[in-house]
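Q: Hi! I've got a model open and would like to talk through its charged pairs. Could you walk me through them?

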Amino acid sequence: MATAIYLEHYLDSIENLPCELQRNFTLMRDLDNRTEEKKAEIEKLAEEYIATVKNLASEQRVEHLQKIQNAYSKCKEFSDDKVQLAMQTYEMVDKHIRRLDADLARFENELKEKLEVSGYESTEGRGVKKGETQLREKRGSRGRKARKGSDEDSPKKKKMKNSSDLSDALLPMQPSDVLDMPVDPNEPTYCLCHQVSYGEMIGCDNPDCPIEWFHFACVDLATKPKGKWFCPRCTQDKKKK
C-alpha cells in the first residue's frame, strides 16, 4: 500500500515534465535558428566591409563595424539564453531525481521500522507461548495435549508465523539495493556510500574532512546529535594521532 502511495505521488509530480521539457527544447531549437541567422548576417556584413573598406570614410567604417559588433552581441545573447535554458532543463530533471531518491530513502526507513516492529511482536509472542506451555505442563499432560492442538491452529499463531516469514523474506534488502542506480556524472556524491544527496544528512565538523556530508543511515544515526559531530573516518584519524 505504501509503495502505491509513493508511486502515485511521484507520477503526479512528473505528469507535466514531458510538456515542460518539450517546451524548453523547442525554445532552444528556436534560439539555435536565430543564432545561425545572426551568424549569416555577421558574415555578410563582414564581407561587405572588407569589399568597401577602402572607399569608406572613417565615420562610415565606424558605423559598419558597429553593426557587426551589435550583431555579435545579439548572437552572444541568444547563446546565453540557450545555456540558461539548458541549465534550467537539467535542474528540472535533477529535482525529480532527488525527490525520487528521497522517497526511496523514506520508504526504506519505513520498511525497516515495520520489520523491526514485526520482529519485536514475533519475539514477544514466542515468549508468551513459552510461558503458556510451561503452565500447561504443570496442569497435566492430558490437558496440555488438548489445548496444544487448538492453540497451534489459532489465528494468532498463524498471524505470528506469517509475520515471521514476511520478516525473513524482506530482511535481506539493503540500502544499496534500493539506491543502486546510475549516478549523473555531473552531480556530486557524498558519504561513505558515494551516493548523491538524499533524505536527512549530517555534516562532519572537521573542516578538513574529505567527504563532509553523510546520510543518517550510513553512519547509524536516527536524529541529529547535540554538539559537534565527527564522521567515523575523522574519528579514526584522531585516534591514530
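A: Happy to! This is a predicted model, and the structure holds 8 salt bridges.

Q: Nice. Which residue does Lys 82 pair with in a salt bridge?
A: Asp 32 is the partner of Lys 82, and the N to O distance between their side chains is 2.8 Å.

Q: And where do Lys 82 and Asp 32 sit?
A: Lys 82 is in helix 3, which covers residues 58-139, while Asp 32 is in helix 2, residues 17-52.

Q: Is Lys 82 buried or partly exposed?
A: Lys 82 is partly exposed, because its relative accessible area is 28%, which falls between the 20% and 50% limits. Asp 32 is also partly exposed, at 32%.

Q: Okay, moving along helix 2. What does Glu 36 form a salt bridge with?
A: Glu 36 pairs with Lys 39, and their closest N and O atoms are 3.6 Å apart.

Q: How many residues separate Glu 36 and Lys 39?
A: They are 3 residues apart, about one turn of helix 2, where both of them lie.

Q: How accessible are those two?
A: Glu 36 has 47% relative accessibility and counts as partly exposed. Lys 39 is partly exposed as well, with a relative accessible area of 41%.

Q: What about Glu 41, which residue is its salt-bridge partner?
A: That would be Lys 38, with 3.2 Å between the closest N and O atoms. Glu 41 and Lys 38 are both in helix 2 and 3 residues apart, so about one helical turn separates them.

Q: Is Lys 38 buried or exposed?
A: Lys 38 counts as buried, because its relative accessibility is 18% and the cut-off for buried is under 20%.

Q: Good to know. Changing topic: where is Leu 7?
A: Leu 7 is found in helix 1, which runs over residues 2-13.

Q: And how accessible is Leu 7?
A: Leu 7 has a relative accessible area of 49%, so it is partly exposed; the exposed class begins over 50%.

Q: What separates the C-alpha atoms of Leu 7 and Leu 100?
A: Their C-alpha atoms are separated by 9.4 Å, and the two residues are 93 residues apart along the chain.

Q: Great, thanks for the tour!
A: Any time!

Key. Residues numbered from 1 in each chain as written. Predicted model: local features only at pLDDT ≥ 70, side-chain atom pairs only at ≥ 80, totals over all residues. Heavy atoms only, no water. Helix = DSSP H or I, 4+ residues; strand = E, 2+ residues; numbered from the N terminus. Buried < 20%, exposed > 50% of the residue type's maximum accessible area, 1.4 Å probe, protein only. Salt bridge = Lys/Arg side-chain N within 4 Å of Asp/Glu carboxyl O.
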